[in-house]
Amino acid sequence: MEVVIDNLEKELLANGYDLRGIAEKYFFLYENSPDMQVSVDPADATIKNCNQTLVKKVGYSKEEIIGESIFFLYHPDCYSEARKAFRSFVETGRVINMELELRRKDGSKIPVLLDVEAVKDQNGKIICSNSCLRDISDVKRLQKQLMRANRDLENRNEELSQFAYIASHDLQEPLRSIMNFTNLLSKKYGSNASKEEQKSMKFILEASARMSQLIKSLLDHSRLGIHKKRTQIDCNAIMKAVKDDLFSSFSETKVHLEIENLPIIKGHETEFRLLLQNLLSNSLKFRKKGIPLQIRIFAKKKENHWLFGITDNGIGISMNDQKKIFMIFRRLHLTDEFEGTGIGLAHCKKIVALHGGKIWVDSKVDQGSTFCFTIPFQNL
Ligand code: ADP
């Protein structure tokens, strides 16, 4: 709030206020405020007053501070920013949340957040500043710790991905041997083998093929986002390509596909295409028999992110299962009912997280599902 001081004294007296009491209280609050307070002359940037908190933090006495230029208090590393702050105070009467650094008497830095309000006379002329300097050392320390923790997490994720990659790569080798030798056995003894033995060999081959498929999908999962390059993605173009791939053999009487205008975003193109492809192919796979499939794809601009959605009128998912389906290899159906490995949505979750967003589903059994995900404007 702007402070105008002419007439203030008269008004307070006229209304019966105890000026001395008010001044004492104000003085106490000013001196003991948890923030550093300083008052600056707009004409020559000299310090007219400051509180005890500032004195304690910087290590100079009040006498040493008052009369000096305000720039005396700032660390040389932020002089140009400090000059900007002073100019803003003189020209606009305020500074809001500006990060600067003070210099203690021993030369060390104190990171601060500066807020300035001008004190004006009745003609609107700035008399001095009410400048509040908040010590944000703790915030900065926490920020650093958080950044370090994030870096550690990224390194650990990288190690895990490497592990998954190597493990799945190495697992394929013995599996291939099992399949090759079973094929050999089947060729050599196939006709002489009993029905039971033939069935067993068929099972081994089928199970190995399935395991190979699972390992391959795990390998794909570990490699999502491996190429860190992000580009401009026209989601309309990607959606069109995915739609053409999946729906070219469907007539319009069987599928009503409504695609709203989609945005251009910055991201990992191959992965983003896989995301849309997985969601759309699930809508196709888990459709309800006997009714035309209806799918609507939309994107809405929110405060700091895009909200994407894919709605279908398919078989739906019970409330209980809605979180589970995003886990690796979690499926709700047998393979002969609906084929798949159960990794598609785990891929989707990783891809959305790679872009700094979240994914979830709203669904009712027998009525349909809406898969939603967010992509922040400034994604990671
Ligand atoms: P998959 O399709 O290989 O089974 P996903 O990870 O893509 O694996 O999906 C996991 C499970 O989530 C599916 O098995 C299915 O039960 C459920 N699901 C996914 N998408 C839909 C959908 N659009 N409608 C109904 N159920 C779905």
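How far is an oxygen atom of the ligand from an N or O atom in the side chain of Lys285? I began my notebook with this point, and I found a distance of 2.8 Å. I note at once that the model is predicted.

**Entry 1: the ligand and its contacts**

The side chain of Asn282 places an N or O atom 2.8 Å from an oxygen atom of the ligand. At Leu345 I recorded a polar backbone atom, which lies 2.8 Å from an oxygen atom of the ligand.

**Entry 2: the shell around the ligand**

I listed the surroundings of the ligand and found 21 residues. The closest are Asn282, Lys285, Arg331, Gly342 and Leu345. By class, I recorded eight nonpolar, nine polar and four charged residues in this shell.

Which elements give two or more residues to the shell around the ligand? I noted helix H9 (269-285), helix H10 (344-354) and strand S13 (368-376). H9 supplies the largest share of the shell, with three residues.

**Entry 3: the second largest pocket**

I asked where the ligand sits among the pockets, and I found that its space is the second largest pocket. The volume of this second largest pocket is about 850 Å³. I recorded 34 lining residues, and those nearest the centre are Asn282, Lys285, Phe286, Gly342 and Gly344. The elements that contribute two or more residues to this lining are H7, H9, H10 and S13. H9 gives the largest share of the lining of the second largest pocket, seven residues.

**Entry 4: the largest pocket**

I turned to the largest pocket, which holds about 1200 Å³ of space. Its lining consists of 30 residues, and Asn157, Ser161, Leu224, Lys350 and Leu354 lie nearest its centre. Helix H6 (137-189), helix H7 (195-223) and H10 each give two or more residues to the lining of the largest pocket. What share of this lining comes from H6? I found that H6 gives the largest share, 12 residues. In the lining of the largest pocket I recorded 13 nonpolar, nine polar and eight charged residues.

**Entry 5: the cavity**

Rolling a probe the size of a water molecule over the atoms shows where empty space is left. I found one cavity of 30 Å³ or more in the structure. The volume of this largest cavity is about 130 Å³. Its lining has 15 residues, and the closest to its centre are Val40, Ile70, Tyr74, Phe86 and Leu114.

I noted the elements that give two or more residues to the lining of the largest cavity: strand S2 (36-40), helix H5 (79-92), strand S5 (109-120) and strand S6 (126-135). H5 gives the most, with four residues. How many residues of this lining are nonpolar, polar and charged? I recorded 13 nonpolar and two polar residues, and no charged residue, in the lining of the largest cavity.

Terms used. Residues are numbered from 1 along each chain as its sequence is written. This is a predicted model: local features need pLDDT of at least 70, side-chain atom pairs count only at pLDDT 80 or more; totals for chains, interfaces and linings use all residues. Side-chain values use heavy atoms; hydrogens and water are left out. A residue is near a molecule or strand if one of its heavy atoms lies within 4 Å of it. A polar contact is a pair of N or O atoms within 3.5 Å; within protein, one must be able to donate a hydrogen and the other to accept it, and residues adjacent in sequence count only if both atoms are side-chain atoms. On a 1 Å grid over the protein atoms alone, a cavity is a set of points where a 1.4 Å probe fits but cannot get out, and a pocket is an open set with protein on both sides within 12 Å along at least five of seven lines; lining residues have an atom within 4 Å of a point. A molecule sits in a cavity or pocket if more than half of its atoms lie within 2 Å of its grid points. Ala, Val, Leu, Ile, Met, Phe, Trp, Tyr, Cys and Pro count as nonpolar, Asp, Glu, Lys and Arg as charged, and the others, Gly among them, as polar. Grid points are joined across faces, edges and corners, and a volume is the space filled by probe spheres set on the points.
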